[in-house]
Amino acid sequence: MARIRIEDLQKIKERVRSSRNLREGKYRVKVVVHMGTCGIASGAREVMDTLLELVEKGGHDDILLTSSGCAGLCSREPMATVELKDQPPVKYVDLDKDKIREIFESHVIGGALVEKHALAYGSELTG
Amino acid sequence: MEKKHRVQLLFCAGTSCVSSGSLDVKAAMEEEIEKQGLGDEVEVLTTGCNGFCAVGPLVIAHPDGIFYQELKVEDVPRFVEEYLREGRPLEEHVYQPPEEELPVPKLMDIGFFKNQMLVALRNRGLIDPEAIDEYIGRDGYQAAAKALTEMTPEQIIVEVKRSGLRGRGGAGFPTGLKWQFCSSYEDEPKYILCNGDEGDPGAFMDRSILEADPHAVIEGMIIGARAIPSHHGYIYVRAEYPLAIKRLSIALEQAREYGLLGTDILGTGFDFDIEIYQGAGAFVCGESTALMRSIEGKRGFPRPTPPRSVQKGLWGKPTVLNNVETLANIPQIILRGGDWYNQMGTETSKGTKVFALSGCVNNIGLIEVPMGVSLRQIVFDIGGGIKGKNRTLKAVQVGGPSGGCIPESLMDTPVDYESINKTGAIMGSGGMVVMDDRTCMVDVAKFFLEFTAEESCGKCTPCREGNTRLLQILTDITEGRGKDGDIELLEELAHYIIDSSLCGLGQSSPNPVLTTIKYFRHEYEAHIYDKTCPAKKCIALLKFEVNPEKCKMCGLCAKACESGAIEWKKKEVARINKEKCTRCRLCIISCPHRAID
């Protein structure tokens, strides 16, 4: 990384938007594991490790697997968000390694939402 | 040679859009573009029908690929100014494809999410906190760029003052005013500090922000540094927050590599850098003057003020200390203007506040709400109500060890600095613990006094000895040794502590005692005169006997007991064998009929 100039901020922003945007980027699906202290304390690392293993074993290069901070609802941790191309993101709650495996096979690979583990779909409104 | 245009606007000239006025809008657009001198940059074209006739007139903007709908002649000047000049899409006209129906609820239909307003937490769960590009992708560092190139330090201060932002650490001092005071002193160097020494039991706002969006805090500090001006900042984080420290360290490193920290930031000639200082976890180090002594490498002791820290702070130099949440709000205020921020909230408390909602509610978590919502809305609409069948709300503890317990009868109190103060509690940094009918308020007061007595730094006598004495009296009351006059003694002593303690922590430490006496005096009286604990919490006052009139013979207590001390047969009242009983309260907790005394 090199020092950036002001005009680079906009370029980075556009680059991030297009590479993270499933419509334009090379990824078909994005999976976010919410890994704040609250999430990790209730088992998010196990969820992440399971996903890493599944992605690696299957050689899926069209899955963007990433982590982020607490999604707010700490009492339903571990949480993960699955976003398929052209579909709103779906939030899964109360996860463990078996549930995430099921979600991976059904939703991430097969495209079928796993209703019993899902909390809701869509994004939060930001001010 | 063909001219290269920066933007292409494609007007739909299908029959439907024409009949809803697309050609008039196009003509107005061309006129406005010429008038504003953008003729060389923007090309206006027409296309055939796009198929979304219901929301015409339609315009597609390239290269952004934005689909504008229902654009009218009167929207044109704003369109040219906002979008073509400034690059800000007109959100209300951007076409959103209808969401596919999914077999689960929509996030924004769920009370927990629907009733929140995210400003300080706007990136939560959305970005990878260890990737600076993702923060930049959400408009990150645009505000710092604006503050460094387009604004003078005075203008930054004016904007923050206009926003009405007040310190989110709890005291609520106006942030812009604090910056202005500090900037008025000539002495150099000046320092800007971030207080991440979150010490209240039940509070995790700062930790969560630092873990989820560290760059927002760093950007807020850069803007503050420019305003004061300062070239050196510290973030004081307690060592118990290893993940926050790790992510903050990565964020600082990435910001330095990009030249967003260090010398000549973004080529503007402004120098500023930040160090992390790890606190060892003493509660008093969250107090401003003690925090500064701690950074100086000395024991964390508060000092009398004035002189205030803005005049003589860290190493005797002018210093601004802002809370994590305060700083996380700053970039949005600079980017969107103080007037945008002050539209949210109440007359005296603008914007939003982050709370760590915990205790006896269904939804535990981190919430951000506009100032002015009621405690009832927080507990029921966001928190999802009290957890457990037959349980009722008793009180909400706000403000940690410096705060107080607000009873159910005052749940319509709006959340703002003044209204919360009126109840005897304080806004504090944002810890909010919900208590149900099984909570003993004397025990709660004792819990907080145990904390304060343990954490008192010992420098001044009223806090060191006074709180210890308060705790002794409370302990006596909960253990059946309470006597007539104790309540009055607690009140008298509390007022001495408030009046004569050196720092804010001592001055507020009796608040949990005073508010519980104010609203739950009958519980103190029951402990002292009847030697009973109405909430059945204080073990010394419990008999561990089954009341045969209330017992429904269900046997739940016998199942719950881990010591085999409860004798029960179907259709018989349970009996507790006191020789085996360990007084653990499991039977009392398990009994839905409150039949065990």
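User: Into which domains is chain B divided?

Analyst: Chain B comprises domain 1 (7–93), domain 2 (123–341), domain 3 (352–439), domain 4 (442–530) and domain 5 (543–597); such bounds come from an automatic or database domain assignment. The C-alpha centres of domain 1 of chain B and domain 4 of chain B lie 67 Å apart. This is a predicted model, in which local features need pLDDT of at least 70 and side-chain atom pairs count only at pLDDT 80 or more, while totals for chains, interfaces and linings use all residues. Residues are numbered from 1 along each chain as its sequence is written, with chains lettered from A and ligands numbered from 1 in the order in which they are written.

User: Why is strand 6 of chain B described as largely enclosed by the rest of the structure?

Analyst: A residue is buried if 20 or more other C-beta atoms, placed from the backbone, lie within 10 Å of its own, exposed if 12 or fewer, and partly exposed in between. Strands (E, at least two residues) and helices (H or I, at least four) are DSSP runs, numbered from the N terminus. Strand 6 (residues 232–238) of chain B is largely enclosed because six of its seven residues are buried.

User: With which strands does strand 6 of chain B pair?

Analyst: Two strands pair if DSSP finds at least two bridges between them. Strand 5 (residues 191–196) of chain B pairs with strand 6 of chain B in the parallel sense over six bridges, and B:Cys194 stands opposite B:Ile235. Strand 7 (residues 273–279) of chain B also pairs with strand 6 of chain B in the parallel sense, over seven bridges; there, B:Gln278 is the bridge partner of B:Val237. From strand 6 of chain B, the chain passes through helix 11 (residues 242–257) of chain B to strand 7 of chain B in a right-handed β-α-β crossover (clockwise from the first strand over the helix to the second, with the strands pointing away from the viewer).

User: How many residues does each chain give to the contact between chain A and chain B?

Analyst: Residues are in contact if their C-beta atoms, placed from the backbone, lie within 7 Å. Chain A gives 39 residues and chain B gives 48 residues. Helix 1 of chain A contributes the most to the side of chain A that touches chain B, with seven residues. That side divides into 17 nonpolar, 14 polar and eight charged residues. Here Ala, Val, Leu, Ile, Met, Phe, Trp, Tyr, Cys and Pro count as nonpolar, Asp, Glu, Lys and Arg as charged, and the others, Gly among them, as polar.

Definitions and conventions:
Contact = placed C-beta atoms within 7 Å.
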